[in-house]
Amino acid sequence: MTALTRNARRGAGGFTLVEVLVALGIVAIALMAGLQATAALTRYAQRQSDMLLAQVCAENELVKVRLARQMPGVGDSLLPCEQAGRSLVVALTVRPTPNPNFRRVDAQVRDGEVPIWRLTTVVGRY
């Protein structure tokens with residue numbers, strides 16, 4: 001075996017700089033995709049939590065209207081709602097319907113100015 005053959009074999013055993021850089025690029029892209037997927041899942045879980053709390057607030061206000069056992073007055077009102085340490089606001093809107101025995105009641109829950117949930121019902125005379 002000549003010296004040229006021994007040197008060629010020694011160099012053939014490793015990776016070139018280009019191959020290492022390509023592998024690092026692929027790993028970086030895969031890690032970024034995983035990070036974005038994790039962030040999306042976190043945002044989705046937070047959104048689900050917000051929607052659940054907002055739904056509880058809206059349902060509570062509509063149940064209060066029904067339990068009052070009287071026809072709600074037409075108009076708008078803002079009511080605070082504290083759920084799980086979060087301060088939300090319920091915008092309660094009462095509107096007349098074509099039938100004077102019924103009123104439409106909308107409960108829209110907001111976090112600041114951002115609407116989260118809207119629930120509507122019809123309340124009749126008792």
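Two strands count as paired if DSSP finds at least two bridges between them. Strands here are DSSP runs of E with at least two residues, helices are runs of H or I with at least four, and both are numbered from the N terminus.

Quick background. This is a predicted model, so local features need pLDDT of at least 70, side-chain atom pairs count only at pLDDT 80 or more, and totals for chains, interfaces and linings use all residues. Residues are numbered from 1 along each chain as its sequence is written, and side-chain values use heavy atoms, with hydrogens and water left out.

Now the hairpin. Strand β1 covers residues 75-83. Its partner is β2, residues 86-96; the two run antiparallel over nine bridges. Gly75 bridges to Val94 in β2. Two residues sit between the strands, and Ala84 has a positive phi near 50°.

Next, Leu78, in β1. Buried or exposed? Exposed, at 59% relative accessible area. The cut-offs: buried is under 20%, exposed is over 50%, partly exposed is in between, with a 1.4 Å probe and protein chains only. Beyond its neighbours within four places in sequence, Leu78 contacts Val89, Val90, Ala91 and Arg110. Contact means heavy atoms within 4.5 Å. Val109 is 31 residues from Leu78 in sequence, and 9.6 Å away C-alpha to C-alpha.

Last stop: Leu21. This residue lies in helix α2, residues 17-67. Leu21 is exposed too, at 51% relative accessibility.
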